[in-house]
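Here is a protein chain to explore together.

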Amino acid sequence: MFAAFVAGFIDAIAGGGGMITIPALLFAGVPPLQALGTNKLQSCFGSFGASFHFYMKGYIRLREHLPFVVVVFISSLLGTLCVQIFEADFLRKCIPFLLIIFAFYFLFSPKITEESSRAILGFGPLGFVLGGIGFYDGFFGPGTGSFLMLALICLGGFGLLDALAHTKLFNFATNFASMLVFALSGKILWIVGLCMALGQFMGASLGSRIAIGYGIKIIKPLVVCVSLIACMYLLYKEYI
């Protein structure tokens, strides 16, 4: 529960909470597939808690972006089904380097501001990109929040806080879709997952309040740090 609370707090601001909860589950002796399924269950509560708080504060335009929610839900569902069949070795090798590029772009790009800007892609093409990220989350997962934020800021013209709020909404949809697949295949430890869910929800609620209160001053450095830590974690698992 404590690990889930910390993960929920960090995830609500910068993403990457799975880097805490999945190792915690594995260290507790949970088999890998059950760890992934249980992590998706408790992650649903964290992403829902953050989304709910952002929505109540007026940062989420649910009616306008409902089609994106449907797209990422379906694509994540397909990704989770595909990962049962195909190996994710290629992604394991590529994603750390993409996260490095993302972190440095996020750190130095003048486009990363509180204010919205002109969108590069229209509604349809942006939905296609988000669908691809949703599929990736169901298929593999690490760095999904980073990729969603990058797409919304650079391609959709979102301001930083708006991008973070809608990232949590879309991440809830992808987590929920994956959780359904794992639940149907019997890969969730429900008691463990629900206990962790309580910690996730509280941590995410606190994290979203901090993000709204401090904005870019806390979001930008934490996103960069989390992305680089995720990169090192994946490189360590892959090559050491």
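What follows is a short tour, from the overall layout down to single residues.

## The big picture

One thing to keep in mind from the start: this is a predicted model. The chain holds 10 helices and 0 strands.

Of the 240 residues in the chain, 49% count as buried. Now look at who touches whom. Among contacts between residues at least 6 apart in sequence, 81% join residues at least 24 apart.

## The nonpolar core

Let's go inside. The largest nonpolar core has 31 residues. Those with the most contacts inside this core are Phe-54, Leu-130, Leu-152, Leu-164, Phe-170 and Ala-211. Which helices supply at least two residues each? They are α1 (2-14), α3, α4 (62-83), α6 (123-139), α7 (144-155), α8 (160-184) and α9 (190-214). Helix α8 gives the most, with 8 residues. As a general point, nonpolar side chains in soluble globular proteins tend to be buried together.

Leaving out residues up to four places away in sequence, Phe-170 touches His-65, Phe-68, Val-69, Val-72, Leu-130, Leu-148 and Leu-152. Leu-130 and Leu-152 are also on the list of core residues with the most contacts.

## Helices α1 and α9

Next up is a pair from opposite parts of the numbering. The axes of α1 and α9 come within 6 Å of each other and cross at roughly 35°. The crossing is right-handed.

On the α1 side, the residues that meet α9 are Ala-4, Phe-5, Ala-7, Gly-8, Phe-9, Ala-12 and Ile-13. Their partners in α9 include Met-196, Gly-199, Gly-203, Gly-207 and Ala-211. By class, the contact has 12 nonpolar, 6 polar and no charged residues.

Cys-195 also sits in helix α9. Cys-195 has a relative accessible area of 36%, so this residue counts as partly exposed. In sequence Cys-195 is 191 residues from Ala-4, but their C-alpha atoms are 9.0 Å apart in space.

## Helices α6 and α7

How do α6 and α7 run relative to each other, parallel or antiparallel? Their axes come within 10 Å and cross at roughly 175°. Because of that angle, α6 is roughly antiparallel to α7.

From α6, the contact uses Leu-126, Val-129, Leu-130, Ile-133, Tyr-136 and Asp-137. From α7 come Thr-144, Phe-147, Leu-148, Ala-151, Leu-152 and Leu-155. Sort these residues by class and you get 10 nonpolar, 1 polar and 1 charged.

## Helices α2 and α3

Helix α2 (residues 18-27) and helix α3 (residues 32-56) pack with their axes 9 Å apart, at an angle of about 135°. That angle is why α2 is described as oblique to α3. The crossing here is right-handed.

Gly-18, Thr-21, Ile-22, Leu-25 and Leu-26 make the contact from α2. Helix α3 answers with Pro-32, Ala-35, Leu-36, Thr-38, Asn-39 and Gln-42. In total the contact has 6 nonpolar, 5 polar and no charged residues.

## A few residues worth a look

Is Lys-168 buried or exposed? This lysine lies in helix α8, and its relative accessible area is 2%, so Lys-168 is buried. Not counting residues up to four places away in sequence, Lys-168 touches Asp-11, Ala-12, Gly-15, Ser-47, Ala-50, Ser-51 and Phe-54. Phe-54 is one of the core residues with the most contacts.

Arg-209, in helix α9, has a relative accessibility of 47% and so counts as partly exposed. Arg-209 is 156 residues from His-53 in sequence, yet their C-alpha atoms are 7.6 Å apart. Finally, find Ile-120 in the loop between α5 (89-108) and α6. With a relative accessible area of 54%, Ile-120 is exposed. Gly-157 is 37 residues from Ile-120 along the chain, and the two C-alpha atoms are separated by 7.0 Å.

Technical notes
Residues numbered from 1 in each chain as written. Predicted model: local features only at pLDDT ≥ 70, side-chain atom pairs only at ≥ 80, totals over all residues. Heavy atoms only, no water. Axes fitted to C-alpha atoms, helices over the stretch in contact; angles between N-to-C directions. Helix = DSSP H or I, 4+ residues; strand = E, 2+ residues; numbered from the N terminus. Parallel < 35°, antiparallel > 145°, perpendicular 65-115°, else oblique. Left-handed = near helix turned anticlockwise from the far one by under 90°. Contact = heavy atoms within 4.5 Å. Nonpolar A, V, L, I, M, F, W, Y, C, P; charged D, E, K, R; others polar. Core = buried A, V, L, I, M, F, W, Y, C linked by side-chain atoms within 4.5 Å. Buried < 20%, exposed > 50% of the residue type's maximum accessible area, 1.4 Å probe, protein only.
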